[in-house]
Amino acid sequence: MTFKSKPVVTVQQHILQEQMRFPGASGEFSWLLSGITLATKLIQARIRRAGLSDILGEHGDTNVQGEMQQKLDVYADEALVHSLGTRSSVGVLASEENEHPVILQQHISEDAKYAVIFDPLDGSSNIDVNVSVGTTFSIFRKPDGVQSGDASSWFLQPGHKQIAAGYVVYGSSTILVYTAGRGVHGFTLDPAIGAYVLSHENIRMPNQGSYYSVNEANSESFPEAYRTYLDGLRKGKLNKTYSTRYIGSMVPDFHRTLLKGGIFLYPPTKKFPDGKLRLLYEANPVAFIAEQAGGLATNGKQRILDIYPESIHQRTCLAVGSKVEMEELMRCVVEG
Ligand code: AFP
């Protein structure tokens, strides 16, 4: 590594540089994000040793979605709550693993400006077989006029109000991707120095890709418009030959879509008529990132970022990806 040829920029430096563009910024936001980077380093260290320690398998409890919690889900949740719990700017935390938001009682003060919601370990059913998983996060500012104790209302805001969002992919390397509304940047964890280093600056999603990503085992119960759409992709309607790629972990499936283009979708199915994925901590973060990178995201009826949530764990249908594939999907859905 030479400092002369390519400067090493860590995620912390990058956030501070971005912040300096805003006179009067207090540094609280970068301190908050450093809580997320710390937690995800703890989580990735556990994941990397998963087969060696007694951390694989089920924890024995079910989470709020009725899904069996894996031991690593519980560890990841605790790591995030622990790392963010000491940031005085964070008023409320919410997670896939807990039914109700965690109010950081000691921080219910004027300092507590931010609400952070996350899925600590998305795709965790893939952990036991050594397949990539991820963490997602979304950050809102406390809405005006909200009583500090009314924790849910901190999160019941449309996605276009997110002030930052991102994810970490625990794959062949560990990569953090985030946006604060001024482009999308990716940082790879350098294990030698224990820091996330800028590796993908100002990511742009290709206008069109050559992969589509969907659980095709469910296709019999997709609405007609989605079946017509997928059939069109297979038959070359968009003048491309498509391949399928589907991991069953949204974060790496989306990450590939972000870098290579194409579309990731989880349409309504018989089992999940309103879609399976969670609006606040799955769809919103990836929709914010996709739009910042030049892509689009919809629930089939409206832009994901315009949905006003009614509950924290609300599910949604999600289609996210490159402009060309998304515009064709919307055309199929409108024509029904
Ligand atoms: P788990 O966290 O329970 O593994 O669920 C993962 C997930 O929410 C999302 O990451 C995947 O894209 C989606 O579910 C996969 O769902 P299917 O197994 O129904 O395709």
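A crossing is left-handed if the near helix is turned anticlockwise from the far one by less than a right angle, and right-handed if clockwise. With that in hand, welcome to a predicted model, where local features need pLDDT of at least 70, side-chain atom pairs count only at pLDDT 80 or more, and totals for chains, interfaces and linings use all residues. Residues are numbered from 1 along each chain as its sequence is written, and side-chain values use heavy atoms, leaving out hydrogens and water. Helices (H or I, at least four residues) and strands (E, at least two) are DSSP runs numbered from the N terminus.

**Helices α6 and α7**

- Helix α6 (residues 250-260) packs against helix α7 (residues 279-292) at an angle of about 15°, with axes 11 Å apart; axes are lines fitted to C-alpha atoms, for helices over the stretch in contact, and angles run from 0 to 180 degrees between N-to-C directions.
- α6 and α7 are therefore roughly parallel to each other (angles under 35 degrees count as roughly parallel, over 145 as roughly antiparallel, 65 to 115 as roughly perpendicular and the rest as oblique).
- The crossing of α6 past α7 is right-handed.
- From α6, Met250, Phe254 and Leu258 meet Glu282, Val286, Ile289 and Ala290 of α7, where contact means heavy atoms within 4.5 Å.
- Those contact residues comprise six nonpolar, no polar and one charged (Ala, Val, Leu, Ile, Met, Phe, Trp, Tyr, Cys and Pro count as nonpolar, Asp, Glu, Lys and Arg as charged, and the others, Gly among them, as polar).

**Helices α2 and α3**

- α2 and helix α3 (residues 71-85) have axes 8 Å apart and pack at an angle of about 155°.
- α2 and α3 are therefore roughly antiparallel to each other, and their crossing is right-handed.
- Among the residues that meet here are Leu32, Gly35 and Arg46 in α2 and Tyr75, Ala76 and Ser83 in α3.
- By class, the contact of α2 with α3 has 13 nonpolar, two polar and one charged.

**Helices α5 and α8**

- Helix α5 (residues 224-234) and helix α8 (residues 323-335) cross at roughly 140°, and their axes come within 9 Å.
- That angle makes α5 oblique to α8.
- α5 passes α8 in a right-handed crossing.

**The cavity**

- The count comes to one cavity of 30 Å³ or more; on a 1 Å grid over the protein atoms alone, a cavity is a set of points where a 1.4 Å probe fits but cannot get out, and lining residues have an atom within 4 Å of a point.
- The largest cavity holds about 40 Å³ of space, a volume being the space filled by probe spheres set on the points, with grid points joined across faces, edges and corners.
- Its lining consists of Val11, Ile15, Leu33, Ile36, Thr37, Phe137, Leu176 and Tyr178.
- Two or more lining residues come from each of α1 (11-20), α2 (28-48) and β8 (174-179), and α2 gives the most, with three.

How values were computed
On a 1 Å grid over the protein atoms alone, a cavity is a set of points where a 1.4 Å probe fits but cannot get out, and a pocket is an open set with protein on both sides within 12 Å along at least five of seven lines; lining residues have an atom within 4 Å of a point.
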